[in-house]
Amino acid sequence: MLNKIIKLFSSPKLFVYSLVWLMILVVVGTVSQRDIGLYASQQIYFSSYFFFIGPIPFPGGRIVLALMLVNLVSMMFKQNLWKMKKIGVVIVHLGGVMLLVGAGMTAIFSSEGSMVIEEGSKSNTVDDYNITELAIIDISDVNYDQYFVFGQPLFKNGNNLMHENLDFDITILDYMDNATLEQLKGSSGIQFKGMLKNFMLKRIKRDKDDMKNRPGIIYQISGSFSNTDGIYGLIFGQSVPATIKVEGRQYVMSLQKKKTYLPFAIELEDFKKVMHPGTDVAKSYSSKINLIENNVPRPILIEMNKPLRHEGYTFYQASFIENPSGEEATVLAAVKNYGRLFPYVSSIIMSIGLLLHMLVSMPNLFKKN
Amino acid sequence: MIIFQKVSLLFIIVFYLGCDNGRHIQNYRTPKKDFGVEKSLINEDSRSEAINNLSWDLPKGWVPSKGHSMRLASFDVPFSSGVGDLSIISLSGISGGLLANVNRWRAQINLDPISENEILDVSEVGESKMGAFRIFRMVNNSNNEKAILAAVLPTGEKTFFIKLTASQQGLIELESIFEKFCSSIGT
């Protein structure tokens with residue numbers, strides 16, 4: 001049985017069919033961007049294992065690429081491939097495997113986010129562009145804040161979130177990709193607490209531009225055996241912090257973009273922008289920063305086409321914020337991609353393989369002539 | 001060779017299924033950050049105060065202010081983007097009835113009057129040292145700058161009216177502390 005599966009997986013036909021399906025996915029994904037936006041399209045068609053059109057499941061980008069990887073690896077172990085005259089083919093296959101492994105690493109481990117730093121201040125956190133998290137922050141200690149963070153993949157209705165050091169449990173009741181607050185005309189039931197006593201969280205249509213979406217979450221707190229138990233709601237970017245008190249400890253609850261803490265900090269010394277003459281259109285902008293590592297600052301200039309690469313992260317000058325009082329803040333795009341070099345290396349390997357294959361096959365070509 | 005194929009197939013499956021970049025729960029510490037809740041924490045440090053045989057726990061930051069003669073007490077109540085006005089009035093008996101007073105407040109922010117039957121739907125009940133009180137939250141969505149939070153505390157001979165006027169944002173921030181303040185009222 002297993003041998004049959006291996007035979008199926010190592011069939012060149014599987015690779016060709018996968019490639020054709022991948023091309024269809026690229027077309028469908030590209031066209032759908034117009035209606036559902038870039039991020040949603042990427043998630044549905046390329047970053048998924050399966051997606052559904054009506055009740056019918058179709059293989060998503062990840063499963064197709066995984067099949068292609070399995071297929072290439074299986075082909076590598078075919079005995080008739082390991083001959084001197086096929087050395088070029090083996091190397092091309094190796095390059096293909098490397099390319100797909102790199103794609104897998106990028107898909108699974110890479111992260112993209114932004115850092116907003118005001119002039120004169122510093123930051124060591126990157127906020128993810130898309131992924132949200134529920135943070136329960138114990139602020140009772142005078143020296144530090146203790147974070148209990150639950151990631152977005154856990155936001156399934158009815159899912160129970162708990163931590164051994166939390167004196168209460170959280171049950172997810174509803175998670176909304178895009179939500180708005182609506183004032184209640186009357187008062188809500190006694191089970192509703194905090195913001196939900198006076199407001200209703202309402203799901204609204206997802207915006208094509210993911211940056212405009214404001215996720216919202218409704219959850220139940222139980223197990224504190226106090227007046228704190230009840231149903232709470234949070235919306236991304238709410239101005240008033242939601243707080244609860246359980247057994248003498250003060251907690252802040254926040255729905256925030258997934259935060260990544262860096263082992264170093266970036267301090268913005270000065271932000272400069274150059275405008276096109278006579279217009280409000282920025283020609284170029286740059287950030288004079290201090291990269292602070294082990295309390296030692298190192299001055300660096302980040303410009304639009306000169307990113308900072310450090311500790312696996314690449315910081316690009318993405319945008320800026322200027323408030324009416326003239327204070328400026330830089331917006332840096334922070335990207336961490338473990339598979340960044342794989343496409344370059346694998347392309348070189350595949351080129352070498354093709355060249356070798358051509359050289360090895362050349363005598364046969366001349367013979368025929 | 002077939003054994004290598006089996007091992008590589010197994011490795012790839014384990015690699016794909018084993019990779020997970022966001023499902024876990026994280027627990028970590030960071031240096032202290034200002035979440036903007038310090039004000040409310042400070043407000044919990046209240047001090048007792050008594051006027052005309054009536055006492056309450058005055059939240060820190062609330063400043064006595066000048067009100068007109070009918071008022072038993074008045075306070076400036078700060079919130080993040082302004083200052084609300086809180087008044088305590090005591091009138092004999094039921095003083096015109098609960099419905100009339102609620103509709104008078106509603107008219108002050110251009111809300112339509114409600115009926116006797118709707119009173120219970122638009123209010124919440126709290127418990128003070130002098131008995132139960134009823135809180136009314138009045139917000140007009142077309143006017144963000146003025147909203148009213150009012151508590152009515154009947155004690156038999158007298159009825160106490162505690163009224164907070166602030167912006168909608170102020171009401172959200174002050175609602176919890178207002179409830180605590182009303183609960184602390186006693187003789």
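Is E311(A) buried or exposed? Select E311(A) in the loop between β16 (308–310) and β17 (313–322) of chain A, where strands (E, at least two residues) and helices (H or I, at least four) are DSSP runs numbered from the N terminus. E311(A) is exposed, with 10 other C-beta atoms within 10 Å; a residue counts as exposed at 12 or fewer such atoms, as buried at 20 or more and as partly exposed in between, with C-beta atoms placed from the backbone. This is a predicted model, in which local features need pLDDT of at least 70, side-chain atom pairs count only at pLDDT 80 or more, and totals for chains, interfaces and linings use all residues. Residues are numbered from 1 along each chain as its sequence is written, while chains are lettered from A and ligands numbered from 1 in the order in which they are written.

E311(A) has a positive phi of about 50° although it is not a glycine. N295(A) is exposed, with 6 other C-beta atoms within 10 Å.

Now select the open sheet of four strands in chain A, whose order is β6-β7-β10-β11 with antiparallel pairing; two strands pair if DSSP finds at least two bridges between them. β6 (160–161) and β11 (230–235) of chain A stand at the edges with a single partner strand each, so one side of each has no neighbour in the sheet. Between β7 (residues 169–176) and β10 (residues 216–222) of chain A, look for seven bridges, and centre on I172(A), whose bridge partner in β10(A) is Y219(A).
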